[in-house]
Amino acid sequence: MIDVPGTSNVIASASPYSLRAYLARQRQRIFRHAPHDDRPVVLRHSRIYILPTRRGLALIGTLLVMLLASLNYGLSLGFVVTFALTGLVAAALLHTFRNLAGIEVKPLGAGETFAGGRLAFALALDGGIVAREAIDLGASDGESIRVDVPAGAVRTLSIERDAPARGRLALGRVTLSSDFPLGLWRGWAYIHFPLAGVVFPAPEIGAPPLPAGMAGPDAYAAGRSDDADLAGLREFQHGDPLSRVAWKAVARGAGWYSKQFEGSGGGGPVALEWSALPSTLSAEARLSRLAAWVLAAEHAARAFALSIPGTALPPSQGRDHRRAALTALALYER
Amino acid sequence: MSGRRRSRAIATPLTLPQIRWLGAMLIAAQLPQAPHLPLWIATFGITLVALRLWLARRDVTMRNGALARIPSWTLVLFALAAAWFVRVSYGGHLIGRDPSVAFLFILVGIKFLESRTRRDGTLLVCLASFLLITPFLSNQSPFAALVVLPAILLLGGTLDALGRDVAHGAPWRRTLTRIGAMLLQGVPLAAMLFLLFPRLATPLWGLPQDYSAQSGLSDTMAPGMISELSLSDSVAFRVDFDGPPPPPSQRYWRGPVLTRFDGRVWSGLPQRGQGELAPEQPGEYRYTVTLEPSFKPWLFALELPTRLPQLEMSVDDDPRGAYVMLTPDRQLITRASVSQVTRYTQVSALSDHFPAASAIDVRLAMLPARGNPRTRELARSMRERYPDDRDYIAAVLAMFHDEAFVYTLTPPLLPSDPVDMFLFDERRGFCEHFASAFTVLLRDAGIPARVVTGYQGGEINPRGGYMIVRQSDAHAWSEAYVGGEWRRYDPTAAVAPSRIERGMASALPDGEPVPRFARLGDGWLKNLQLTLDSMNHAWRRNIVGFNHARQHELWRDLDITVANAPWVMAIAALAIGGWGAALLAVMAWRRRQGERAIALWQAACARLAAAGLPRLPWEGPLDYAQRASARWPQFAIAFTAIAESYAALRYGRAAERPDEHDALVATLARAVDVLPAAGSLRASVT
């Protein structure tokens, strides 16, 4: 989970007794515009809103007409039927409430993606001992997904948002809603976790090949090219790329090993430098090219160093290094 | 989120299960109304629904799940056909209550045929809801209430099905069970609304027109009309007496008074002004009449009323002034016709005569100039012998008694000069023939007289101790102006005295067609009928008859007035809130019961773990129980009971049926109780 920086904390900063602060508090309480749900949220009556759906309104309107007809013609049994259906509608209201009340929503984390892709956020729904049916969950712009949570189960689900540009993408306000059981009432609750993921710059398509490596041997791991031969296994070290793990050995329970290659690759770590790029490129184009090179270096299993204004990463390789590099690119001047 | 997304959800096409739910709901909503419609319309409406169900099934097998769209021109054709059916069936009417109901009946079928989206489904649910109350326009019997129950259940089930995305839907039995539970949960609210929702004393718009003829007395009487009515078992009204009922021979329930005679048909005269009530006197009868809808203005009372009826639709609530009046010829009439079950309290003093108004209407002695010549001749000759009015009347009654007149329910047809033919040729007739001939004979002699129709008799239902007056008790008698007052004469009593004493069935010759009810005798069948009728009476009194006035009585008892309306509203709001809170509390209790199962299971696991057999993280309850049973075979039964009931509670469907749920929790608790403590378990490993 990454905290969203820069969201001004209105509630904390203003005097808690001013009218403005009060109104801001109430607005936050009602609409949850700010991501202040730091902990898992348990839906209670203060958070759950219920209004009739269109179907509900249509049925209530029909009940009014039936009431009018019963009144005019003095139909006692008409009243009985009308009020029995009214009781059903009212009971449905309570069932809709009950279906939502007590659900615990936990933020699990945010994924990562490249600009133009979709960023996934993981949430967990714990329904407790009651079966929850037809719960819709959706971010403010995305489509919603519908889940059933059986009694005693926890459902993990991911909400995806379009990620058009690099930078941080917050999940934003999540609406959890349901019109179960009869579709007459829609109950909903707003939840706003401070959950944000990183959107990496879209890698340039058809980027030029990696620049030449620095002098000296690769300190971390042997380089690998397509014609490299497997030289042997060595004890797994933290930071070794997962693509080199000898999974068969792991599966056998023999322990963790990394495959060692021997080949013609050679060369030291690649230096990926902002300043070395042609000055004709715009900032975004440079970021795109660097992102493409980071991926290429990773693919070629070569260590790389990255330096862009404000950030310099020493040569390294592996998943964490790749993520750090892409994150640095994503957050450049953001 | 989306109005956009939700509107898309409503425009989603209907699935096959949803169409089946809709079809079942529509047919269930149509069936209670069908008997009140012309056969053609009923058949047509239901066939349309069935047609759609059949098409949907065929489509799924033939078109890979896609539902066909019915061409819209066929729908227009259907609608036109429906309009034509309705027009023909209702005598050219297309506007009005009954044709509208008939059209709605067919309309749901047409709409169903073209329904493709959930929005259509919603509309159908709304139309079906309204269709549910239409049968009550004709019939508010307990049976009528019973037959709408399935439709209400199916309506809820359809709503449930419309809300589901999955194509297969939920099992219908479970859905209906849940809807039934929700309906029951809503009953307290419904009951409160029923008792407290204000009723109207007068309708908002025009009262129903009756297109179907209602059986009952009317303001005309032709030969044969009352005898036809007498074959009907249906109840005219029921009476609760405050004290003992009057003797049978005094049970004359006065109804329409007929003055004008055209030689064949008696009819009423328009009445102006108010009649005089009989003076109050000791020994009056006080009683409450529950009148079935007759769609006529008459209220029936024992001769003679000493007060105006106290309608439960109280008079002072009617902005148009007096609701009930007594006409100069002493008919009790309401301003509007009796279109619903009406209750009124009434006081009468038994009397067969009352003083006349100051001036006697000349029309009371008028007869058509021509016709019935033999009667005229007979009257003249008798009048010569008996110049005194009383003597003359006695002579006429004696003639009916002594000569060979027959009281029969199957009188012959009297095509021309009916009085002549009756008196001289056929001599077989029902009460209307005797009353008519008697009155004509009096008028021929110059004595003002008129025909009074109403009911004579009534049967006491021992279950409930009230009196049932049926259409078969319909009767006609005469009233003559003698010695300055109007006096009742019943020529039928002269012919068949037992009619007055013991009812029609005993007076009729053997082999006559009598109403089924009168034939039942005193056997168990009759007892059953009377029991059913007493239930029906209670239903009419308390459910159907719960109108504006009854509600006001209740409000008075509860001290609900306009002045404390805010308090009442507050209390009602509190009650509604209390209802909701109670319901949620029950649900929460169920939840805790579920949690109790977990607590019990965890206690059992902890005890076994302490005894040296911890549950493996991936081990299910049943596997764990097997392992425990292997270690402690002497407790195998307890282990199995614990595991099975816990598994059923957590993973089975049993948790949704309250009784089974509770039983399972009890089993689990008992089985956990049986397990010994961890120490003795550890010690008892064999």
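In chain B, strands β1(B) and β5 (residues 266–267) pair in the antiparallel sense over two bridges; strands pair if DSSP finds at least two bridges between them. This is a predicted model, in which local features need pLDDT of at least 70 and side-chain atom pairs count only at pLDDT 80 or more, while totals for chains, interfaces and linings use all residues. Residues are numbered from 1 along each chain as its sequence is written, and chains are lettered from A and ligands numbered from 1 in the order in which they are written. Helices (H or I, at least four residues) and strands (E, at least two) are DSSP runs, numbered from the N terminus.

**The sheet in chain B**
- The pair belongs to an open sheet of three strands, in the order β1-β5-β4 (chain B), with antiparallel pairing.
- Its edge strands, β1 (220–221) and β4 (260–261) of chain B, each pair on one side only.
- Opposite B:Trp266 in β5(B) stands B:Met221.

**Chain A**
- Chain A has seven helices and 17 strands.
- Of its 334 residues, 40% are buried (20 or more other C-beta atoms within 10 Å of the residue's own, with C-beta atoms placed from the backbone).
- Helix α6 (residues 283–299) and helix α7 (residues 319–330) of chain A pack with their axes 10 Å apart, at an angle of about 175 degrees.
- That angle makes α6(A) roughly antiparallel to α7(A), a term for angles over 145 degrees.
- Axes are lines fitted to C-alpha atoms, for helices over the stretch in contact, and angles run from 0 to 180 degrees between N-to-C directions.
- Residues of α6(A), including A:Leu287 and A:Leu290, meet residues of α7(A), including A:Leu326 and A:Leu329; contact requires C-beta atoms within 7 Å.

**Nonpolar cores**
- A nonpolar core is a set of buried Ala, Val, Leu, Ile, Met, Phe, Trp, Tyr and Cys residues joined through C-beta atoms within 7 Å.
- The largest has 132 residues, and those with the most contacts inside it include A:Leu171, A:Leu329 and B:Met25.
- Helix α4 (residues 76–100) of chain A gives the most to this core, with 15 residues.
- A second, separate core has 76 residues, among them B:Leu332 and B:Ile500.

**Where the chains meet**
- Contacts join 53 residues of chain B to 48 residues of chain A.
- On the side of chain B that touches chain A, α9(B) supplies the largest share, nine residues.
- That side comprises 35 nonpolar, eleven polar and seven charged residues; Ala, Val, Leu, Ile, Met, Phe, Trp, Tyr, Cys and Pro count as nonpolar, Asp, Glu, Lys and Arg as charged, and the others as polar.

Methods. A residue is buried if 20 or more other C-beta atoms lie within 10 Å of its own, exposed if 12 or fewer, and partly exposed in between; C-beta atoms are placed from the backbone. Two residues are in contact if their C-beta atoms, placed from the backbone, lie within 7 Å. Angles under 35 degrees count as roughly parallel, over 145 as roughly antiparallel, 65 to 115 as roughly perpendicular and the rest as oblique.
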